[in-house]
Amino acid sequence: MRLYIHHKTHYRYPSPVKDSFNELRLHPLSNQWQKCESCFVNVFPTSRLHKYLDLNGNLVHHFEIPQDHSKLIVESRSTISTHKRVDFESFPYGVSMKSLREMEGKADCRPYLQSSSYVEINPEAWRMAVDVQGESKDVFQTAYLIMEFIYERFEYSKATTSVHSHANEILSTRKGVCQDFAHAALALCRCLGIPARYVSGYFYDHTRNQSMRGSEASHAWIEVLVNGHGWFGLDPTNNRVVDETYVILGTGRDYKDVAPITGTYYGRLPESMEITVTVKPLQ
Amino acid sequence: MRPFPFENYLTEGFFDEMFGKGHPHKPLKHYQEVYNRLGRLESGEILEKRSQADSSFLEHGVTFTVYGDEEGTEKIFPFDLIPRIIPHSEWTVIDQGLRQRMLALNLFLHDIYQDAKILSDGIIPTEVIQSSSNFRKEMVGFDIPKDIFIQVCGSDLIRDDSGTYFVLEDNARCPSGASYLLENREIMKKTFPQTFQGMSVRSVEEYPELLLKTLENLSPRQSQKPVCVVLTPGVYNSAYFEHTFLARQMGIEIVEGRDLIAIDEFVYMRTTHGLVQVDVIYRRVDDDFLDPLFFNKDSMLGVPGLMNAYLRGNVALANGIGTGVADDKVTYAYVPEMIKYYLDQEPILSNVPTFLCWREKDRKYVLENLKSLVIKPANESGGYGMMVGSSSSEKERQEFKDRISSNPRDYIAQPIISLSRHPTFCEDGIEGRHVDLRPFILYGKDIEIVPGGLTRVALKKNSLIVNSSQGGGSKDTWVLKN
């Protein structure tokens with residue numbers, strides 16, 4: 001399907017700030033599941049924009065605003081065509097948990113099996129993961145159980161966590177938003193040796209009553225590597241296997257690698273930050 | 001037997017919208033159905049359809065005004081019944097290219113009226129902006145509503161002899177033509193109902209609604225239903241029909257300057273029920289005439305005090321003040337640099353190569369090659385005051401030479417592009433005529449473009465000038481769904 005996404009973030013500062021340096025990861029990837037037909041990124045106050053590819057293969061725009069300013073607006077407009085990603089009739093079952101041993105040493109798996117800034121492999125998380133795994137000996141089934149567990153046992157709550165909440169905190173409070181659910185799922189997967197990475201992006205809520213969670217801002221989910229079948233997306237916030245209604249902005253070890261907007265400036269904290277995300281299907 | 005309508009059709013080496021570079025009996029795939037339909041026309045049917053269309057235009061009062069014409073000024077806008085068709089894949093590229101351009105132009109205006117970084121970084125020479133007669137110093141530092149300067153842009157696209165699209169110019173002040181785009185569609189649907197239905201053409205009818213939303217987005221009073229009006233210079237303006245048409249379609253009032261009054265930095269409309277505060281003015285009056293206290297002192301069209309209300313943020317204008325510096329034809333030459341600077345991208349749609357007469361090197365070339373160039377004034381629109389070198393007289397060329405030498409900033413030159421042609425009903429049957437395309441780009445909460453635009457056609461044989469004020473007509477433009 002073809003999707004158009006308009007993503008706007010508006011910061012207002014109580015008094016003028018200056019010397020602002022920022023990086024944006026707002027340009028969707030092109031890969032085997034999606035093609036980015038066009039993407040326009042712009043900022044106010046107007047600035048010269050530069051771009052580069054980071055180590056995770058994500059396109060990064062960066063800019064600086066040396067002069068005084070009391071607001072910052074960052075916008076991106078993307079047109080993406082997505083392809084069918086999964087066959088809901090035949091998920092990649094049949095890869096045993098034992099086979100995960102083979103992947104441990106591989107360079108392209110290693111970053112997704114270890115602790116990272118927001119995800120820690122520790123005995124506490126491991127115990128929870130083993131409980132969730134239960135009798136399962138299958139990689140995809142186990143990852144699916146983890147997604148289901150988080151969706152069913154964790155409370156979706158916007159007020160309880162911050163953008164910097166760690167997976168450990170989420171696993172103990174069992175509350176959070178999509179970013180937190182993804183971090184929790186990463187921790188559980190990695191404890192069991194399933195390579196798992198963080199994905200930031202968007203989805204088109206095609207349900208009749210718009211019942212999916214997390215469509216008001218950019219979304220986050222995880223991808224797990226199933227040996228011989230490639231990466232599969234799982235969305236613990238909505239208990240869904242990722243299909244062509246999802247658009248990937250970028251992937252990394254956790255939020256820190258793909259944060260849509262990061263930066264520093266000299267001045268007071270914003271008094272407000274307003275995010276609007278519109279996703280609409282195109283002809 | 002009746003002759004086949006394309007029997008004697010010649011493409012004469014031009015890129016033809018219907019036949020491409022190919023044989024005039026083999027239409028491009030997306031034209032096949034229309035081609036077949038034209039072939040099936042009964043004798044006399046075409047005349048009947050034409051008179052049917054003409055009377056519809058007259059009934060609807062679709063007219064425009066030509067300045068400096070002795071015989072009556074109001075005319076029917078000539079309409080040609082053969083639609084211009086754009087396939088889905090082609091439109092996708094145009095659509096993306098226009099969005100990119102609209103963004104860049106707007107970022108540029110925002111920049112030059114705030115920090116002017118693009119000038120201090122040396123990307124665009126400062127003198128280009130300072131010497132533009134449309135740069136409004138009053139706007140420097142002004143916090144423009146919603147950060148948008150251009151709400152409605154009409155960019156003119158042409159195709160060369162290989163079929164490549166180019167942007168010929170951007171109209172960022174008060175572009176006209178949207179009403180014809182809507183009327184043409186209305187009439188085509190009536191005249192060829194079956195062909196239209198059979199081809200899954202994307203609709204354009206939502207334009208007035210999108211325009212109204214674009215205007216409402218600017219309202220300083222978001223808590224209540226915004227009061228928007230169309231401000232027209234009056235019945236003698238060439239686009240007066242369009243002003244009334246759009247106001248009616250949007251369901252808002254059309255006013256002249258004397259219907260508005262500014263009191264204590266607010267703008268009110270005089271109505272039979274007393275004064276009503278106005279939030280957004282879709283002004284079809286140039287900057288110069290908007291407010292006699294700020295701009296042209298002799299203007300009878302404007303509203304004294306309007307600018308103060310605007311600069312206070314108590315009323316919004318669409319388009320904003322000072323957008324003319326973006327559609328200045330010298331600035332035009334720098335649009336690719338703007339796209340690179342603000343978006344770090346390559347332009348999706350190319351510019352026509354442009355010589356700037358104020359650059360000494362360019363000027364020398366232009367003066368030596370007048371015959372093979374089109375000379376245009378930098379700040380005019382509507383096709384006034386230009387010269388096509390190949391069809392000019394020695395006297396005209398000398399005149400332009402003098403003008404360019406004494407006023408180089410005011411002139412640009414471009415190579416003569418052999419515009420694509422489109423089969424068109426003419427006196428001796430169907431013949432190829434040059435066309436361009438003016439899509440309308442709206443910038444409200446987001447950028448919106450109704451698929452297609454106004455296809456203008458130069459009805460005079462061999463003429464390259466499609467402007468309605470210069471004897472051009474128009475066609476309906478069909479963008480296909482897939």
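In chain B of this predicted model, helix 3 (residues 88-112) and helix 14 (residues 335-343) cross at roughly 80 degrees, and their axes come within 9 Å. Helices (H or I, at least four residues) and strands (E, at least two) are DSSP runs, numbered from the N terminus. Axes are lines fitted to C-alpha atoms, for helices over the stretch in contact, and angles run from 0 to 180 degrees between N-to-C directions. Helix 3 of chain B contributes Gln100(B), Arg101(B), Leu103(B), Ala104(B), Leu107(B) and Phe108(B) to the contact, while helix 14 of chain B contributes Val335(B), Met338(B), Ile339(B), Tyr342(B) and Leu343(B). Two residues are in contact if their C-beta atoms, placed from the backbone, lie within 7 Å. Of the residues in this contact between helix 3 and helix 14 of chain B, nine are nonpolar, one is polar and one is charged. In this division, Ala, Val, Leu, Ile, Met, Phe, Trp, Tyr, Cys and Pro count as nonpolar, Asp, Glu, Lys and Arg as charged, and the others, Gly among them, as polar.

The crossing of helix 2 and helix 6 of chain B is right-handed; a crossing is left-handed if the near helix is turned anticlockwise from the far one by less than a right angle, and right-handed if clockwise. Lys49(B), Gln52(B), Ala53(B), Ser56(B) and His60(B) of helix 2 meet Glu183(B), Ile187(B), Lys190(B) and Thr191(B) of helix 6. The residues of this contact between helix 2 and helix 6 of chain B comprise two nonpolar, four polar and three charged.

Chain A is assigned domain 1 (2-83 + 259-282) and domain 2 (97-257), with bounds that come from an automatic or database domain assignment. The centres of the two domains of chain A, taken over C-alpha atoms, are separated by 24 Å. Domain 1 of chain A gives 19 residues to the contact and domain 2 of chain A gives 16 residues. On the side of domain 1 that touches domain 2, the elements of chain A that give two or more residues are strand 1 (2-27), strand 5 and strand 14 (272-282). Strand 1 of chain A supplies the largest share of that side, five residues. The residues on this side of domain 1 of chain A are divided into 12 nonpolar, six polar and one charged.

Between the chains, 20 residues of chain A are in contact with 18 residues of chain B. Strand 2 (34-44), strand 3 (50-53) and strand 5 (69-82) of chain A each give two or more residues to the side of chain A that touches chain B. The largest share of this side, six residues, comes from strand 2 of chain A. Six nonpolar, 10 polar and four charged residues make up the side of chain A that touches chain B.

Some backbone features were also identified. A cis peptide bond, with omega of about -5 degrees, joins Phe44(A) and Pro45(A), and Pro45(A) is found in the loop between strand 2 and strand 3 of chain A. Another cis peptide bond joins Ala318(B) and Asn319(B), with omega of about -5 degrees; Asn319(B) lies in the loop between strand 12 (316-318) and helix 12 (324-327) of chain B. Asp19(A), in strand 1 of chain A, has a positive phi of about 50 degrees although it is not a glycine.

The model scores ipTM 0.91 and pTM 0.93. Chain B averages a pLDDT of 91, and 95% of its residues score at least 70; pLDDT is the predictor's confidence in each residue, from 0 to 100. In this predicted model, local features need pLDDT of at least 70 and side-chain atom pairs count only at pLDDT 80 or more, whereas totals for chains, interfaces and linings use all residues. Residues are numbered from 1 along each chain as its sequence is written, and chains are lettered from A and ligands numbered from 1 in the order in which they are written.
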